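Please keep the view open as you read.

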Amino acid sequence: QEGDVAAGETVFKKCSACHNVNSDKSKVGPSLQGVIGRQPGIVEGFKYSKAMVDFGADKVWDDAQLTAYLANPRGVVKGTRMAFAGLKDPKEITDVIAYLKTFSPA
Ligand code: HEM
């Protein structure tokens, strides 16, 4: 199912204290520009947890991985430094992923 980009932009307000998406500059969290299809844990110059680097060894951030991670970050990547409880509403997850896609090459 397709997410709603405009709704996703609103959801992203829950992320934007820690993440840029329209720039490659990292904040408290790594830049999410181009995150779709990217291997977890590889933004240059960002200091990830070992948990995230290990998690990313054999993965890319696709719809399925992002959906699972955003629902329960600390459950899916045990030991992640991302201090965020997750998004409870599945529609918010679909919508924010649609928004992230607009900043990732197809
Ligand atoms: C990592 C998404 C909220 C801090 C990540 C990653 C994604 C992500 C996809 C992995 C990036 C990569 O592998 O390069 C989101 C989304 C959010 C959100 C969509 C909102 C719904 C937050 C918030 C904070 C935060 C509010 C700060 C309080 C971090 C940190 C990492 C991270 C520190 C690195 C984790 C690690 O190394 O274990 N986030 N995030 N995020 N995020 Fe978030």
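Val53 has a relative accessibility of 40%, so Val53 counts as partly exposed; the classes are buried for under 20% relative accessible area, exposed for over 50%, and partly exposed in between, with a 1.4 Å probe and protein chains only. This is a predicted model, in which local features need pLDDT of at least 70 and side-chain atom pairs count only at pLDDT 80 or more, while totals for chains, interfaces and linings use all residues. Residues are numbered from 1 along each chain as its sequence is written, and side-chain values use heavy atoms, with hydrogens and water left out.

You will find Val53 in helix α2; helices here are DSSP runs of H or I with at least four residues, strands are runs of E with at least two, and both are numbered from the N terminus. Setting aside neighbours within four places in sequence, Val53 is in contact with Gly41 and Tyr48, where contact means heavy atoms within 4.5 Å. From Val53, look across to Lys101: the two are 48 residues apart along the chain, and their C-alpha atoms are separated by 22 Å.

Lys101 belongs to helix α5. With 36% relative accessibility, Lys101 also counts as partly exposed. Its contacts, apart from neighbours within four places in sequence, are Ile36 and Asp63. In sequence Lys101 and Ala7 are 94 residues apart, yet in space they are 13 Å apart, C-alpha to C-alpha.

Next, visit the loop between α1 (5–11) and α2, where Arg38 lies. Is Arg38 buried or exposed? Its relative accessibility is 15%, so Arg38 counts as buried. Beyond residues up to four places away in sequence, Arg38 touches Ser31, Leu32, Gln33, Val43, Val60 and Trp61. The C-alpha atoms of Arg38 and Gly3, which are 35 residues apart along the chain, are separated by 20 Å.

In soluble globular proteins, nonpolar side chains tend to be buried together.

Now step back to the whole chain. The protein has five helices and zero strands. Its radius of gyration is 13 Å, close to the 13 Å that the globule rule gives for 106 residues, so the protein is as compact as a globular protein of that length; the radius is taken over C-alpha atoms, and the rule is 2.2 Å times the number of residues to the power 0.38. Along the principal axes, the C-alpha atoms fill a box of roughly 35 × 25 × 25 Å. Of the 106 residues, 40% are buried. Among contacts with a separation of 6 or more, 43% are between residues 24 or more positions apart.
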